[in-house]
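Please consult the sequence and the structure shown below while reading.

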Amino acid sequence: MFNVLTPKPDDVLASDPLPKSVANSRSWRSPSLLAATLTGILLLTGCQDQSDSAAEDNAASQTSEQQRLDANKSAPQSDSAAARIEQFQPLYVTQMQSLQRRLQAEYESLQAADASDSDTISLLNGTTESADKASANSTTPNAGTMGNVGSKDPTAINEQKNDTIINDLNGTNTAATTDTDVEINTSTEVGERDLEVLKRISLEPREPEILSEAQMIERYQQALQALYQPATTVLSAQEIDTLLNIATLVPQLFEDAEIAERVSVKSPALARLIIQHQVWQQIEAQQVLDMQQMKVAQQQEFETLMTKFNDTIKGYDEQIAKYEQTLKEFQ
């Protein structure tokens, strides 16, 4: 009557299925599913890396293309830079005219010195030729002397012996100084090459090019306008020469940030030269200031010493006056 109902094992398995988590864990343990998952992850990673590299290459190509386009464009000139260029134009013309006068005076002085040297050399050559002719006339043998050529002269025999001895000594000295000559030739090889290079440089004075005021202004404006041309446009030799003159005579012009940037873009070598020139000017100005301060310090020290000396002399004079007064009292 009281029967306990106990389920059978088959009924338990059928009525109580496994939890979903356990079933899922068993399904992930399948080797084929695991391999497929890993393959998909690797494919996704590879596609992402390729997309990143493609994006970087695209950005780099766009940057280079933008730089190329910028290099082919002319730069705009600001109003401040134009005003600064116009401000320094009269000063440049004044400085350039002064430079041309100095170069012309130097050229004329060199020409005069060369002319005087040529006259001196011609005079010396004429004197030497006259002396050579007189010597040749005095040493020409006469008929009586020619008749005695066959006779043995004791003086000629002694001279021949002396020549033989000298030749022997010269041969010995040549053998002894061979190594020394080799060392000298080796040590002077570099110097000889330098001299060959220097020989190619002409030291003849060249007449300076004298420009009018209008030509100076034209070249000044043309050179500064060339700085705003595209970076791919090369500066001409005349423009570079004018910019060098500007950097030498009025370097304050390039203290403007915009103009200095354009110089760096158009000619980095010229920009470095301008920077070196400005540094040299700063060093020179500092040296002048140091010299002035040193002179002031020396002058102050000298005045202090002179004051002490005058005070000492004044004290001596007072003592001497007292001694003289004492002597007068005793007398």
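In this predicted model, helix α9 (residues 213-226) packs against α10 with an angle of about 100 degrees between them and their axes 9 Å apart. Because angles of 65 to 115 degrees count as roughly perpendicular, α9 and α10 are assigned to that class, being roughly perpendicular to each other. On the α9 side the contact is made by R219, Y220, Q222, A223, L224 and A226, and on the α10 side by Q238, E239, T242, L243 and I246. The residues of this contact of α9 with α10 divide into 6 nonpolar, 3 polar and 2 charged.

**Packing of α10 with α12**

- Helix α10 covers residues 237-249 and helix α12 covers residues 268-330; the two pack at an angle of about 15 degrees, with axes 10 Å apart.
- Angles under 35 degrees count as roughly parallel, and α10 and α12 are therefore roughly parallel to each other.
- The crossing in which α10 passes α12 is right-handed.
- From α10, the residues L243, L244, A247 and T248 meet L270, L273, I274 and H277 of α12.
- By class, this contact of α10 with α12 has 6 nonpolar and 2 polar residues, and no charged residues.
- L243 of α10 takes part in the contact with α9 and also in the contact with α12.

**Packing of α11 with α12**

- Helix α11 spans residues 257-266, and its axis comes within 5 Å of the axis of α12, the two crossing at roughly 130 degrees.
- That angle makes α11 oblique to α12.
- V263, S264, V265 and K266 of α11 make the contact with P268, L270, A271 and I274 of α12.
- The contact of α11 with α12 has 6 nonpolar residues, together with 1 polar and 1 charged.
- L270 and I274 of α12 contribute to the contact with α11, and both residues also meet α10.

**Residue A271**

- A271 lies in helix α12, where it is one of the residues that make the contact with α11.
- With a relative accessible area of 11%, A271 is buried, because the cut-off for that class is under 20%.
- Neighbours within four places in sequence aside, A271 is in contact with V263 and S264.
- A271 and F254 are 17 residues apart along the chain, and their C-alpha atoms are separated by 9.3 Å.

**Residue Q278**

- Q278 is likewise placed in helix α12.
- The relative accessibility of Q278 is 23%, and the residue therefore counts as partly exposed.
- If neighbours within four places in sequence are left aside, Q278 is in contact with P251, F254 and E255.
- Q278 and E255 are 23 residues apart in sequence, with a C-alpha to C-alpha distance of 9.4 Å.

**Residue T233**

- T233 is found in the loop between α9 and α10.
- At 30% relative accessibility, T233 counts as partly exposed.
- T233 and K266 are 33 residues apart along the chain, and their C-alpha atoms are separated by 8.1 Å.
- K266 is also one of the α11 residues in the contact with α12.

**The protein as a whole**

- The secondary structure comes to 12 helices and 0 strands.
- From the N terminus on, the order of elements is α-α-α-α-α-α-α-α-α-α-α-α.
- Of the 331 residues in the protein, 14% are buried.
- The accessible surface of the protein comes to about 26500 Å², and 57% of that surface belongs to carbon and sulfur atoms.
- Among contacts between residues at least 6 apart in sequence, 75% join residues at least 24 apart.

Methods:
Residues are numbered from 1 along each chain as its sequence is written. This is a predicted model: local features need pLDDT of at least 70, side-chain atom pairs count only at pLDDT 80 or more; totals for chains, interfaces and linings use all residues. Side-chain values use heavy atoms; hydrogens and water are left out. Axes are lines fitted to C-alpha atoms, for helices over the stretch in contact, and angles run from 0 to 180 degrees between N-to-C directions. Helices (H or I, at least four residues) and strands (E, at least two) are DSSP runs, numbered from the N terminus. Angles under 35 degrees count as roughly parallel, over 145 as roughly antiparallel, 65 to 115 as roughly perpendicular and the rest as oblique. A crossing is left-handed if the near helix is turned anticlockwise from the far one by less than a right angle, and right-handed if clockwise. Contact means heavy atoms within 4.5 Å. Ala, Val, Leu, Ile, Met, Phe, Trp, Tyr, Cys and Pro count as nonpolar, Asp, Glu, Lys and Arg as charged, and the others, Gly among them, as polar. Buried means under 20% relative accessible area, exposed over 50%, partly exposed in between (1.4 Å probe, protein chains only). Accessible areas come from the Shrake-Rupley method with a 1.4 Å probe; for residues, only the protein chains shown count as cover.
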